[in-house]
Amino acid sequence: MADHLHIAPLDPADIELVGPLWKQLMDHIAALPDAAVPVRPSDESWELERAEMLTELAGEGFALVASKGGRPVGYAFVCIEGPDPVWYTGDKHALLATLCVDEEERGDGVGSALMDAVDAELERRGVEDVEIGVDTGNKVAAHLYTSRGYRPDFQIFYGSPGRMPWACLRREAEDQAAGRGRFAPPGPDAELA
Amino acid sequence: MTAPSAVTVERVSPPGLDELRPLWEALLVRHAEVWAVLPQRPAGETWERRRRQYEGWLADEDSFVLLARRDGRAVGYILVGIGEGDETYATGERMAEIHTLVVAAGERDARVGGLLFDAAMDELGRLGVDDLLVGHMDGNEAARRFYERRGFTPFVHVLYARRPGAGSVEEAG
């Protein structure tokens, strides 16, 4: 267990606290060895993710932030959904949408501590069933979850209707050619980001 | 020997969804064969819940269901939902997801699945939707081969667990 780790619910008013961690996660996914589908530029992605989080946090979703010395070092974001139509889940089931740990803090038990805190919150709410999406190639994350009893459920595939290369690869190539998005040159504030 | 009759594909509107029920229930049998981590709900209960999901997805006017018929008999369907683009991956502003593709047991070697898939791709082309997701149960190798042959690749693996300390799956429901 990481020392001096404090875990508390995220106040939606403080959502910008976790933005830098989300952007780190995007960079991590983009660099995964078997990454086949390109991710969005992290700033663009955070705009969309922030809106999604605020919508869920206004409902039954919750986020927990792990901090050391007042500095956020990781967070978990959980959505609560209704019963699965096919399988015998409870009346509600959880989707762990994000589990993110600062790259300098990985391997120090922060992810496990966040998972323990998520389990405790779900127990308090009476939610028993949990699903987690793991990006292909993220073997460290997959190991964490399988070591906690998670089992393969289903695979999500990506493709483009009738067109190759895939639309997402075309967009990435266009960004690269234009030097924008993920391929934009560093700006004057880059060192401060 | 009589040549097999042609398969036709038509669009289904929400009031006609109940015609899909026997095919949906046939798919549940297949699901139970490949993924037995949790028990399934009773078939009738499952259809009621699934139909409500279908109605929700079809509330978007671009989402659609295509039904394949042979000699007037329903032999397969595909339901495609259209929604907002993904937060993480570089999709367009709108993307599609195949929520169900099912073919009647006696028709699985008759290219009905490919016919439905191709018709759905034509419709997505008309709508200008370039990104498509589809999920299949772990262990459904026929489904995996079907999508890989069409250029799809796995990029997210969904895992499931009953939370530590919760009741066993045998106690569920």
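Setting aside neighbours within four places in sequence, B:Glu84 touches B:Glu93, B:Arg94 and B:Met95. That's a handy way into this structure, which is a predicted model. B:Glu84 sits in strand 3 of chain B, the stretch covering residues 73–84. With 68% relative accessibility, B:Glu84 counts as exposed.

Staying in chain B, have a look at B:Asp71. You'll find B:Asp71 in the loop between strand 2 (64–70) and strand 3 of chain B. What is the phi of B:Asp71 near? The angle is near 55°, a positive value in a residue other than glycine. B:Asp71 also counts as exposed, at 68% relative accessibility.

Now over to chain A and a pair of helices. Helix 1 of chain A spans residues 19–30 and helix 2 of chain A spans residues 42–57; they pack at about 125°, with axes 9 Å apart. Because of that angle, helix 1 of chain A is oblique to helix 2 of chain A. The crossing of the two is right-handed. On the helix 1 side of chain A, the contact is made by A:Gly19, A:Trp22, A:Lys23, A:Met26 and A:Asp27, while helix 2 of chain A brings in A:Ser42, A:Asp43, A:Ser45, A:Trp46 and A:Glu49. Sorted by class, this contact between helix 1 and helix 2 of chain A has three nonpolar, three polar and four charged residues.

Which residues is A:Ser45 in contact with, leaving aside neighbours within four places in sequence? In chain A they are A:Trp22, A:Met26 and A:Arg40, and from chain B there are B:Glu87 and B:Thr88.

Another buried spot is A:Leu122, again with a relative accessible area of 0%. A:Leu122 is part of helix 3 of chain A, residues 110–125. Beyond its neighbours within four places in sequence, A:Leu122 contacts A:Phe62, A:Val78, A:Ile80, A:Ala94, A:Val127, A:Val130 and also B:Arg163 from the other chain. If you want a sense of distance, take A:Pro20: it is 102 residues from A:Leu122 along the chain, and their C-alpha atoms are separated by 26 Å.

What about disulfides? How many does a search of the whole structure find? The search, run over all chains, finds zero.

| Residue | Relative accessibility | Class |
|---|---|---|
| A:Cys79 | 6% | buried |
| A:Cys100 | 1% | buried |
| A:Leu122 | 0% | buried |
| B:Glu84 | 68% | exposed |
| B:Asp71 | 68% | exposed |

Terms used
Residues are numbered from 1 along each chain as its sequence is written. Chains are lettered from A and ligands numbered from 1 in the order in which they are written. This is a predicted model: local features need pLDDT of at least 70, side-chain atom pairs count only at pLDDT 80 or more; totals for chains, interfaces and linings use all residues. Side-chain values use heavy atoms; hydrogens and water are left out. A disulfide is a pair of cysteine sulfur atoms within 2.5 Å. Buried means under 20% relative accessible area, exposed over 50%, partly exposed in between (1.4 Å probe, protein chains only). Axes are lines fitted to C-alpha atoms, for helices over the stretch in contact, and angles run from 0 to 180 degrees between N-to-C directions. Helices (H or I, at least four residues) and strands (E, at least two) are DSSP runs, numbered from the N terminus. Angles under 35 degrees count as roughly parallel, over 145 as roughly antiparallel, 65 to 115 as roughly perpendicular and the rest as oblique. A crossing is left-handed if the near helix is turned anticlockwise from the far one by less than a right angle, and right-handed if clockwise. Contact means heavy atoms within 4.5 Å. Ala, Val, Leu, Ile, Met, Phe, Trp, Tyr, Cys and Pro count as nonpolar, Asp, Glu, Lys and Arg as charged, and the others, Gly among them, as polar.
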